[in-house]
Amino acid sequence: CGYAAGVSSYAWGEIRVLPNLAVLGDAAGVTAAYCVNNDTIPYYVNYNTTDIANIQTLLKNSNALLEK
């Protein structure tokens, strides 16, 4: 899905960002679940490298792409 898209050149400018938004959605959902399961406030995840590493591990285990 997504390899062949029949869109006009005008629409391509909007469609090209969809993969990035999908990755962002994966990360947001995993982070939200992580915070609920670990009694953590999402705001403080930015300041805790252990939480970030754990969330990245969860994303990698679910085959999410973290790097281009």
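**Close-up views of a predicted model**

Y43 is exposed, with a relative accessible area of 54% (exposed means over 50%, buried under 20% and partly exposed in between, with a 1.4 Å probe and protein chains only). The model is predicted: local features need pLDDT of at least 70, side-chain atom pairs count only at pLDDT 80 or more, and totals for chains, interfaces and linings use all residues. Residues are numbered from 1 along each chain as its sequence is written, and side-chain values use heavy atoms, without hydrogens and water.

**View A. The aromatic pair of Y43 and Y44.** The structure holds 2 aromatic pairs (rings of Phe, Tyr and Trp, the last by its six-membered ring, pair if their centres lie within 6.5 Å). Y43 and Y44 form an edge-to-face pair, 5.3 Å centre to centre with 85° between the planes; planes over 60 degrees apart count as edge-to-face, under 30 as stacked and the rest as tilted. Y44 is partly exposed, at a relative accessible area of 48%. One aromatic cluster is formed by Y43, Y44 and Y47.

**View B. The packing of helices α2 and α4.** Helix α2 (residues 18-37) packs against helix α4 (residues 49-61) at an angle of about 120°, and their axes are 10 Å apart. Helices are DSSP runs (H or I) of at least four residues, numbered from the N terminus. Axes are lines fitted to C-alpha atoms over the stretch in contact, and angles run from 0 to 180 degrees between N-to-C directions.

**View C. The contact of α2 with α4.** D26, A27, V30, T31 and Y34 in α2 meet D51, N54, I55, L58 and L59 in α4; contact means heavy atoms within 4.5 Å.

Terms used: Helices (H or I, at least four residues) and strands (E, at least two) are DSSP runs, numbered from the N terminus.
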